[in-house]
Amino acid sequence: MQFINQIAILTFILTTPALALPELKTKQALDRLLFTSSDGKITYYRKNSGELQLSLNYKVATIMKSPANTLYQITSDDKEKFIAIEQIISPHRVMNYFQNNRIFVAVLGKATKAKLVGQGTSPQIHLDGKWMSYFDKVKNEINIVSLVNDTVPPKIIQIKNKLNPFFIPKVKVLTPEHILYTDINSKGYEALLMYSLLDKSFETVFKSKNPGNKVSYCESSGELLIQETPIGSVKSSSQIIQLPLYNNTGFKNTSILYSTEFADIPGIVCHKDKVYFVKTNQYNSKLNLRSTEVAELDPTKKQVKVLSNMKYIEQVIPFAGMILASAKGKYYIVKNNTALKSDEIARPEKFKP
Amino acid sequence: MWHQFYQNLLNNILRGGLLPLLLLIPKVANAQGFYQNFEKINNLQKENYTNLIKKYKNTVLDINDIKDFNKVHIDQTFLSILLFNTPKQYIPMATKDKCSLYDLILAELIKSPEGEVKLLLLKYLDQANNEKKAVMTKKLFVSQIVSKVCPNSIKLNQYFKEPNIRKTLSSISLTRPKSEKECKTTIKKSLEDVKTPYYCHINNSLQALPRLSVKYKNLSRSKFKARMALEKKINRAKMYNNLINESSKEYIQNLCQNLIDPEKFCQEYFSKNYWSREAKENQSPVVSKTYCPNPKSKTKCLKSLSQSPAQCHFKDRMNSSLMPWPNCNQLSKSLPKSRLYKSYQDCPAKVGNLGVIIWSRILNHYTNGKYVVENQCQTNGSDATINFSGELTEFETWKNEICYDDKIKRKYICYPVLFNDNRSNVDYSLVSVIGKIANKLKGYNYKDKPCKIILEEDYKPTLLEFKSGCFIMSNDNECKGAQCKFKVILDQLQFNQFEIKNDISFDILPSKYQDENKSFKKLYEKSAQKTFKRILNVSSLELVFKNHSNAVLLGYGCAQDLLPSYFRRETLNQCTPLPFIVDGYIEDRGLYSMNVITAVDHIHAPRIIPWSYVFASVKGYQAIHPLNTWGLYAIY
């Protein structure tokens, strides 16, 4: 039952039309699954009793015990050494949006107790597990905490956003002194900023063209891929630009990789030299209904390839070394990390037609 | 003869619905069931089409054999199959005369069961006066027959082809009608206008562009011929896209979709323009005030919203809701459909608790604003819920309290409190509770001089007004209606002999079987005699909205599915529970979108959200719910 050490992907390629993505299927209840390592050997999942469990080599260990129905969010660093855990207690009864959650860190795959780091939301681990960032929703500030030296006081960046109380910045620690994060100014322009802790100065890396446009980004081999897309009005254009992170004075050296007449759904994922995002192909203004598909952008060729024909793709997320797309309450595999295989048990000879 | 035939056919199709089709294809007349019949009709007409083509495919039509070109007709059975496959809004244009039908064929609006019309079955008289039938390609038919019978149709067709199309389109003005009267005349004239089929052809090309682009990208390079054909269509659509401006595109889209429905066509421009109507009639003054607060320029301001739709993105002066709001055009569609009681202001971020906000909105709706206090947005967002909690659970579900140690009674006493509430006449308001405790412990006369809530930075002890009295000071960020940290200054001295407890915890939908009766849903069902009907599909939703004029839907979903543009999913199964209200819906050609006000949205800024998003979000929430509850209920 819970002795799952790798997710098994059952695909139905033969029964699905071209470009229909295979649905993610797991041996374990998919809705309990929280994190799986890229090699598929380490799995974290939650139980309704409130426990966070680790499954590895056919063994199960409890990492955390919390009140019943606690939810968890788990993310890892790029090299998969550590995991950041956000513990969301009683999400159905206590709907206080501005209550911070407890943030923990643990070594990936180790059955040891997770260590409490602070209180906030959206934890991320950076620089091979040396630093962690999280956002304090009450104080509206980004906390950068050293995971290797407890005596180093947390570095704090107060964000300027006053317009959208439900905004959560996206943070990336580039070096212990340089932090990238998104913020919104008083006129509604979202920007990607670089904060230098050495001289406590800000530099604008990218600023949106219009107020209300969403800025998303990811990093790939020293290049920043930045998506700007309007979220209040679909009939406005979106674009993805490329910007070298280093040797780029004033971040003026940029190139447009892709632009479109419709608003794509915000969010991009960099994965193996490609960029994945949700592209809007068609828009029905009466219903505010867009036809959306997963698209793959090749930054070197500046080519966009549509990878699905499912019409209502909502988000793309990285998971277990794969790229998944969510649509209508299900997850689909966009890019797999291994060859697709079926683990269907072969039908006995006598039952074969 | 032609005219009469088409007129009859049109009457049959439009008035008789499926009956004439059943008669056209008598084999199905005895079939059982409506859908079964329709499917059979569909299959049979395809079969008939194939058989007709097969039968006459090898009969070559010799042009020299035609006695009279005016007596060449499309075979009636064949034509009825074509009209059956053609979108119904184009049929009236095809029935005026022979040439009008040919215009539609030239504009590619007439369809065959295979899609595009490539072959036609013709009936004609040969030189010996014998009636004959033969198949002809569309291309030949146009060049050999149409050019002789309807030369003007060919001329018109040329106007909409390269290199003339640029000039043609630049000389045509496709502007929205200025009045309702003009609007209805416009659509009547459009049905008579020979250019209309070509506008619809352009519209069809533009609509198909994204689909064709995807198809092209995924078509194998080895299918050279198919790729060439697609490329031609794509380039043509791109050319139209560049030649026509946005408002003309919208105009022809509306025109071609509603050619036979003038009401719907005009609704686009007039009935739906909420802002102009509000400027004229002022039916929802509270909502209008949110968008145009200055009474002096209100009319002008409201009218301007439809001109520049981006104005509505940042209309929340309190900065207490999810922003940006939808644009004014979207709001102009959603606000007239919104039936939730909303003659008040509330401020989700200043209340903080999403359950409190949504439940207060539900209670305010069904009591017509019983708990609404003018100009108190935080109180409006919470008062109904604290009252409900007090009346039905004796504040057991409202554990926001201020407690103190009563040394005389030797008791630890707690009072339920509504933070940030400055009403001195309400027992549980923050000013009353602090006043009561200050009275017990310090003898402060709070009834004569009630406490005041101020921002920390506004407290200036050197000023005379702060020399005496009770001041509750908070930091704006740290004090929400449902959770608060504050300091109290009593006659210039800090007063801190109390403890603040923030613990609001309740179920709107039950999360434990044993506590089901304590959920707000159950309590409300019993106390207010309300029905909670589970909504699983749009049919039941439509039925509820039709049968119960005041019904709204309460939903629980994942923010990442409901509003994917605002809430990014970073990890698998990430679901931020977000309660919402559905208070209307929009239907368009069998597809549905909901009028949604989530707990993080301003009550005056409903969003139009496709049903598929609503469904996915409720399904996602069901997966994390302890009782696996489908959280979408109609309340009436």
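**View 1. Tyr283(A) stands opposite Arg290(A) in strand E22 of chain A.** This is a predicted model, in which local features need pLDDT of at least 70, side-chain atom pairs count only at pLDDT 80 or more, and totals for chains, interfaces and linings use all residues. Residues are numbered from 1 along each chain as its sequence is written, while chains are lettered from A and ligands numbered from 1 in the order in which they are written. E21(A) and E22(A), the latter covering residues 289–298, pair in the antiparallel sense over 9 bridges; two strands pair if DSSP finds at least two bridges between them. Helices (H or I, at least four residues) and strands (E, at least two) are DSSP runs, numbered from the N terminus. The hairpin of E21(A) and E22(A) has 4 residues between the strands, and Asn288(A) in the turn has a positive phi of about 50°.

**View 2. Strands E20 (residues 265–271) and E21 (residues 274–284) of chain A pair in the antiparallel sense over 5 bridges.** His271(A) has Lys274(A) in E21(A) as its bridge partner. With 2 residues between them, E20(A) and E21(A) form a hairpin; Lys272(A) in the turn has a positive phi of about 50°.

**View 3. Lys115(A) lies in strand E8 (residues 115–126) of chain A.** Lys115(A) counts as partly exposed because it has 13 C-beta neighbours inside 10 Å; a residue is buried if 20 or more other C-beta atoms lie within 10 Å of its own, exposed if 12 or fewer, and partly exposed in between, with C-beta atoms placed from the backbone. Apart from neighbours within four places in sequence, Lys115(A) is in contact with Phe104(A), Val105(A) and Ala106(A). Two residues are in contact if their C-beta atoms, placed from the backbone, lie within 7 Å. The C-alpha atoms of Lys115(A) and Leu147(A), 32 residues apart along the chain, are separated by 9.9 Å.

**View 4. The contact between chains A and B takes 58 residues from chain A and 62 residues from chain B.** Elements of chain B that each supply at least two residues to the side touching chain A include helix H11 (196–217), helix H20 (354–366), strand E15 (577–588) and helix H26 (611–624). H26(B) gives the most to this side, with 7 residues. By class, the side of chain B that touches chain A has 30 nonpolar, 22 polar and 10 charged residues; Ala, Val, Leu, Ile, Met, Phe, Trp, Tyr, Cys and Pro count as nonpolar, Asp, Glu, Lys and Arg as charged, and the others, Gly among them, as polar.
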